[in-house]
Amino acid sequence: MSWNRVVCSTHTSINKPVRLRSYHSNWEPSTHCEIWQAARATSAAPLYFDPIRFGFPPLTYGDGGFHYNNPVRIAVDESNRIWDPSKDRHIGCILSIGTGKPPLRAVGDRGHEILLSLKEVVTDTEQTAEEFAAEIEDMDPMKKPNYFRFNVEQGLEEVGLEEWDHFERLAAGTSAYLRSHRKEIEDCADILLRLTGT
């Protein structure tokens with residue numbers, strides 16, 4: 001079985017989103033990047049990792065989170081471009097994995113508080129997940145994909161991207177979440193196994 005891969009990145013010189021693919025696209029020229037370059041580009045979060053240059057001509061790529069922190073709609077769009085849904089090729093399952101739900105906070109009324117609120121809006125993945133779930137809710141049952149969103153609900157709210165030393169807290173919070181969502185995880189695994197014929 002061959003796997004098609006796509007990740008989101010950003011052209012840092014013009015702050016525009018770009019999709020880095022492992023397959024040919026008829027609607028965008030290839031960047032001819034290696035998988036390690038795509039992984040490096042999409043994870044180049046400002047202040048943590050430098051952007052990367054590659055391709056011909058060489059262009060600079062940075063974090064995909066500038067535009068797509070939750071790329072669920074990108075995955076659907078790419079899938080529909082590869083496998084035409086009008087020819088009875090529909091998405092069987094979408095598995096979305098979050099990095100922990102953010103805490104609820106007031107917007108604030110001072111400059112620093114407002115900047116923090118704007119940062120949370122830009123990096124929020126949960127709202128996109130909820131909107132996507134609502135969008136597919138009324139789809140034709142024959143075309144509606146199985147959609148699973150797993151995201152730790154408590155315990156990781158205050159762990160920042162740079163706090164690698166909180167690994168024990170991350171592991172404990174994830175384990176607790178997995179135990180409390182065993183049924184959904186088993187349902188997801190059953191569907192994935194059925195779709196892959198194993």
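The accessible surface of the protein, computed on a predicted model, comes to about 13900 Å², of which 57% belongs to carbon and sulfur atoms. Of the 198 residues, 29% are buried. The protein has six helices and six strands, which follow one another from the N terminus in the order β-β-α-β-β-α-β-α-α-β-α-α. Among contacts in the protein with a separation of 6 or more, 57% are accounted for by residues 24 or more positions apart.

In helix 1, which spans residues 35–42, the residues Q37, A38 and A41 are buried. They cover an arc of only 100 degrees around the axis, and therefore lie on the same side of helix 1. What covers these buried residues includes strand 1 (6–11), strand 2 (16–21), strand 3 (52–54) and strand 4 (59–63), whereas the face of helix 1 turned away from its buried side carries the exposed residues I35 and W36.

The structure holds 10 salt bridges. One of them joins E78 to R21, with the closest N and O atoms 2.9 Å apart; this pair links distant parts of the chain, E78 lying in helix 2 (residues 72–82) and R21 in strand 2, 57 residues apart. Both E78 and R21 are buried, and R19, R21, E28, D77, E78 and R81 are linked in a network of salt bridges.

A further salt bridge is formed by E131 with R73, the closest N and O atoms being 3.4 Å apart, and this pair likewise links distant parts of the chain, with E131 in helix 4 (residues 126–137) and R73 in helix 2, 58 residues apart. E131 counts as partly exposed at 34% relative accessibility, and R73 is partly exposed with a relative accessible area of 33%.

Notes:
Residues are numbered from 1 along each chain as its sequence is written. This is a predicted model: local features need pLDDT of at least 70, side-chain atom pairs count only at pLDDT 80 or more; totals for chains, interfaces and linings use all residues. Side-chain values use heavy atoms; hydrogens and water are left out. Buried means under 20% relative accessible area, exposed over 50%, partly exposed in between (1.4 Å probe, protein chains only). Helices (H or I, at least four residues) and strands (E, at least two) are DSSP runs, numbered from the N terminus. The arc is that of the directions from the helix axis to the C-beta atoms. Contact means heavy atoms within 4.5 Å. Accessible areas come from the Shrake-Rupley method with a 1.4 Å probe; for residues, only the protein chains shown count as cover. A salt bridge is a side-chain nitrogen of Lys or Arg within 4 Å of a carboxyl oxygen of Asp or Glu.
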